[in-house]
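Biologist: I would like to go through this model with you, one question at a time. Shall we start with the terms and then turn to the fold?

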Amino acid sequence: MRTAKFSAFGLLFVGPVIRNWLLILERLYGTTGKLTPIKKVLTDQLCFAPALQFTAIPVLGLMDGHSRDKIEARIRNNYYDIMIANWKLWPIVATVNFYFVPLNYRLPVVALVSLFWNVYYTWKLGEKGPHVADQ
């Protein structure tokens, strides 16, 4: 069931949002210049990534039928760890993507890496049993 929810979340929400974000970055910074990919990575990781992670936790919580209090507790207890993990993986992926991958293949690269990222995400946000008060 969790796999189906994550699949729907990725297909209906994250995929379209990231596709549009990649197009926005192209319009903002263009395609030429040695520092253009770095500008895109910095904008992506300092603006988009925190917003996406902050949005993902409550949306997934709503999909799981959690209460507002439970969703707020998940944000408080998991957001920082998720962002640290995000910054250990996604800047590298984004740098490779922006330097070497043509625009029309960037979303598939993100989707491929997301398969592994979602394993972490499901573990981090997954139910850990009745003994965990914040879940």
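Modeller: Helices here are DSSP runs of H or I with at least four residues, numbered from the N terminus. Keep in mind that this is a predicted model.

Biologist: Which pattern does the chain follow, read along the sequence?

Modeller: The secondary structure comes to 4 helices. There are 0 strands. Read along the sequence, that gives the pattern α-α-α-α.

Biologist: What radius of gyration does the chain have, against that of a compact globule?

Modeller: The chain has 135 residues, so a compact globule would come out near 14 Å. The C-alpha trace spans about 55 × 25 × 20 Å along its principal axes. The radius of gyration of the chain agrees with the globule value, at 16 Å.

Biologist: What share of the 135 residues counts as buried?

Modeller: The cut-off for buried is under 20% relative accessible area. The chain exposes about 8200 Å², with 69% of that supplied by carbon and sulfur atoms. Of the residues, the buried share is 38%.

Biologist: Among contacts between residues at least 6 apart in sequence, what share joins residues at least 24 apart?

Modeller: Contact means heavy atoms within 4.5 Å. Among the contacts in question, the share joining residues at least 24 apart is 71%.

Biologist: Where in helix 2 does the kink lie?

Modeller: Helix 2 covers residues 36-63. Its kink is about 40 degrees.

Biologist: Which residue with a positive phi follows helix 2?

Modeller: Its phi is near 80 degrees. The residue that follows helix 2 is G65.

Biologist: Is T43 buried or exposed?

Modeller: T43 is found in helix 2. Its relative accessibility is 13%. The cut-off is under 20%, so T43 counts as buried.

Biologist: Which side chain joins that of T43 in a polar contact?

Modeller: Leaving aside neighbours within four places in sequence, T43 is in contact with W21, L25, Y29 and F48. The polar contact of T43 is 2.6 Å, and its partner is Y29.

Biologist: Is L46 buried or exposed?

Modeller: L46 also has its place in helix 2. L46 and N77 are 31 residues apart in sequence and 20 Å apart in space, C-alpha to C-alpha. With a relative accessibility of 60%, over the 50% cut-off, L46 counts as exposed.

Biologist: How is I71 classed, buried or exposed?

Modeller: I71 sits in helix 3, residues 68-100. Beyond its neighbours within four places in sequence, I71 is in contact with P58, G61, L62 and H66. W21 is 50 residues away in sequence and 26 Å away in space, C-alpha to C-alpha. The relative accessible area of I71 is 8%, so the class is buried.

Biologist: How many aromatic pairs does the structure hold, and how is the pair of Y99 and F100 classed?

Modeller: The structure holds 8 aromatic pairs. Y99 and F100 form one of them, 6.1 Å centre to centre. Their planes are 40 degrees apart, and the pair is tilted.

Biologist: How do Y99 and F100 count by relative accessibility?

Modeller: Y99 has 39%, so it counts as partly exposed. F100 has 68%, so F100 counts as exposed.

Biologist: How is the ring pair of W117 and Y121 classed?

Modeller: The ring centres of W117 and Y121 are 5.9 Å apart. The planes lie at 55 degrees. Planes under 30 degrees apart would be stacked and over 60 edge-to-face, so this pair is tilted.

Biologist: What separates W117 and Y121 along helix 4?

Modeller: W117 is buried, and so is Y121. Both lie in helix 4, residues 103-125. They are 4 residues apart, so their separation is about one helical turn.

Biologist: Which residues do ring pairs link into a cluster?

Modeller: W117 and Y121 are among them. The whole cluster is W90, W117, Y120, Y121 and W123.

Biologist: How far apart in space are L125 and R74?

Modeller: L125 lies in helix 4. At 6% relative accessible area, L125 is buried. L125 and R74 are 51 residues apart in sequence, yet their C-alpha distance is 7.4 Å.

Biologist: How does A111 count by relative accessibility?

Modeller: A111 lies in helix 4 too. A111 and F13 are 98 residues apart in sequence and 13 Å apart in space, C-alpha to C-alpha. The relative accessibility of A111 is 41%, so A111 counts as partly exposed.

Methods
Residues numbered from 1 in each chain as written. Predicted model: local features only at pLDDT ≥ 70, side-chain atom pairs only at ≥ 80, totals over all residues. Heavy atoms only, no water. Bend = angle between axes of the 7 residues up to and from the residue. Helix = DSSP H or I, 4+ residues; strand = E, 2+ residues; numbered from the N terminus. Phe/Tyr/Trp six-rings, centres within 6.5 Å; stacked < 30°, edge-to-face > 60°. Buried < 20%, exposed > 50% of the residue type's maximum accessible area, 1.4 Å probe, protein only. Polar contact = N/O pair within 3.5 Å; in protein donor to acceptor, adjacent residues only side chain to side chain. Rg over C-alpha atoms; globule rule 2.2 N^0.38 Å. Areas by Shrake-Rupley, 256 points an atom, 1.4 Å probe, with all protein chains shown as cover.
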